[in-house]
Amino acid sequence: MRVPVATKSHQYEVVLGHDFLADAVKAFDDQLQKADKLIVFTDANVWVAQGDYFKANFPYNFEVFVLPGGEACKTFEQYNAAQTFLLEQKCSRKSFIFAFGGGAVGDLTGFVAATYMRGVPFIQIPTTILAHDSAVGGKTAINHPLGKNMIGAFYQPEGVIYDTVFTESLPEREVRSGTAEVIKHAMISNAAWLEELMAEETVIHFSTEELAKQLKKGIEVKAQIVAEDETEQSVRKFLNLGHTYGHAIEAAAGYGKVAHGEAVMIGLVYCLLLSERYGELNRNFTTAFLQFALKNGYPFEAVKEYSFEQLTEYLMKDKKAEYGILQFVLLEKIGKPFVRPIDLAECKEVDAEFRQLLAEVLV
Ligand SMILES: NC(=O)c1ccc[n+]([C@@H]2O[C@H](COP(=O)([O-])OP(=O)(O)OC[C@H]3O[C@@H](n4cnc5c(N)ncnc54)[C@H](O)[C@@H]3O)[C@@H](O)[C@H]2O)c1
Ligand SMILES: O=C(O)C(=O)C[C@@H](O)[C@H](O)[C@H](O)COP(=O)(O)O
Ligand SMILES: [Zn+2]
């Protein structure tokens, strides 16, 4: 399966298949033959779980740089270590970098590639379900202790090779986390799709074929949006549904404690509550969605661990905020997102409603 991505700055393809890494990499043969060095960035967990398959199917010589797993790789320290590695390897503008891992490796690698010698080409080889989102569209970043993804660049890859073999070694928690972004893509684009997902017995145990279909649908939504708005001036903000509250939870907890998709799911429920005030959605739907999330094992305990006041400093650093006012992505109805300024007093009211709803449902 192929999904073309045509942004203002760059055009490329996401190729999605099963057990096809060797063939998919060969499609880049011209560019790779001309490269003076191929570097693979990965993380320790991915390398242990999937390194053998990667080495057996990657048909070129390469040097590997192994990062710590998860959010621990999206730090200034790892950014610095990665740049040092490229310099020590005598990488040039003719070198080529591969991001082999989940969203964390992809975000770090993309930012390193964007800034090494002011830009070297890179290819995303995603290994998580979540990375159907992160590998596409060119948002790259590292975290700052004061806020999530604060230091980064828009920098598109040369291509995305998505071999679903890699997702087979994902722990269930990561399957769940990644599926939250599939659900987000459904919520911003297609009511029937969300209805189908909510009707599933479970969204955590899809077959390989069904998973590929869901990933493709998510990638198509993302590709269409970033083609229209690469740098988040307008419709790209819709991809941030659930992230204002979600990123605040992630940052307050300490990066990596609450997985990104878990935090996004919390943020999606918060946004449904807020959306009830401005569109067609109602409390019955929000409650049904929360039940669906709980049935699939999404954890909501983190909400109780932080007061609204503790979340406020992170909420206020949301990148969509303008002139000190938060801009929330809301839903007029499922499939119809819009952006609206919301003041802190209203955020606090909805936060209280959220905690009340959780108290009622989590008895
Ligand atoms: N750039 C974007 O547009 C974008 C979009 C969404 C999320 N993100 C970012 O992506 C990150 C989350 O990505 P993620 O959920 O993929 O997390 P991740 O990269 O941290 O991976 C999750 C965990 O699974 C392990 N892992 C990855 N692939 C594996 C595999 N195949 N088998 C076994 N273990 C594996 C990792 O080592 C890690 O411990 C966050 O930092 C988030 O901010 C970026
Ligand atoms: O691609 C986008 O645009 C997104 O917002 C996708 C999000 O799922 C992703 O988590 C992104 O990294 C969040 O971006 P940020 O600008 O809020 O840090
Ligand atoms: Zn996200």
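Domain bounds here come from an automatic or database domain assignment. The model is predicted: local features need pLDDT of at least 70, side-chain atom pairs count only at pLDDT 80 or more, and totals for chains, interfaces and linings use all residues. Residues are numbered from 1 along each chain as its sequence is written, while chains are lettered from A and ligands numbered from 1 in the order in which they are written.

The assignment divides the protein into domain 1 (2–169) and domain 2 (172–361). Their C-alpha centres lie 26 Å apart. The contact between them takes 30 residues from domain 1 and 29 residues from domain 2. Two residues count as in contact if their C-beta atoms, placed from the backbone, lie within 7 Å. On the side of domain 1 that touches domain 2, β1, β2, α6 and β8 (147–154) each supply at least two residues. β1 gives the most to this side, with 4 residues. By class, this side of domain 1 has 13 nonpolar, 13 polar and 4 charged residues. Ala, Val, Leu, Ile, Met, Phe, Trp, Tyr, Cys and Pro count as nonpolar, Asp, Glu, Lys and Arg as charged, and the others, Gly among them, as polar.

Ligand 1 lies between the two domains, because domain 1 (2–169) and domain 2 (172–361) both give residues to its shell. A residue is near a molecule or strand if its C-beta atom, placed from the backbone, lies within 6 Å of it. Of the 33 residues around ligand 1, N45, G69, G102, G103 and S134 come nearest. The shell divides into 8 nonpolar, 17 polar and 8 charged residues. Several helices contribute. α3 (44–57), α5 (103–115), α6 (131–134), α7 (172–189) and α11 (260–275) each supply at least two residues of this shell. Helices (H or I, at least four residues) and strands (E, at least two) are DSSP runs, numbered from the N terminus.

The shell around ligand 2 also draws on both domains, with at least three residues from each. Ligand 2 is surrounded by D133, G137, K139, K148, N149, E181, E232, R236, L239, N240, H243 and K319. These divide into 1 nonpolar, 4 polar and 7 charged residues.

Strands of a sheet pair through backbone hydrogen bonds, either parallel or antiparallel. Here, 7 strands form an open sheet in the order β1-β2-β9-β6-β5-β3-β4, with mixed pairing. β1 (2–6) and β4 (63–67) stand at the edges, each with a single partner strand, so one side of each is left without a neighbour in the sheet. The twist averages 15° from one strand to the next. Two strands pair if DSSP finds at least two bridges between them. Strands β3 (residues 37–43) and β5 (residues 95–101) run parallel and are joined by 6 bridges. F41 has A99 in β5 as its bridge partner.

Helix α9 (residues 208–228) lies across β1, β2 (11–17) and β9 (159–163), at about 15° to β1. Axes are lines fitted to C-alpha atoms, for helices over the stretch in contact, and angles run from 0 to 180 degrees between N-to-C directions.
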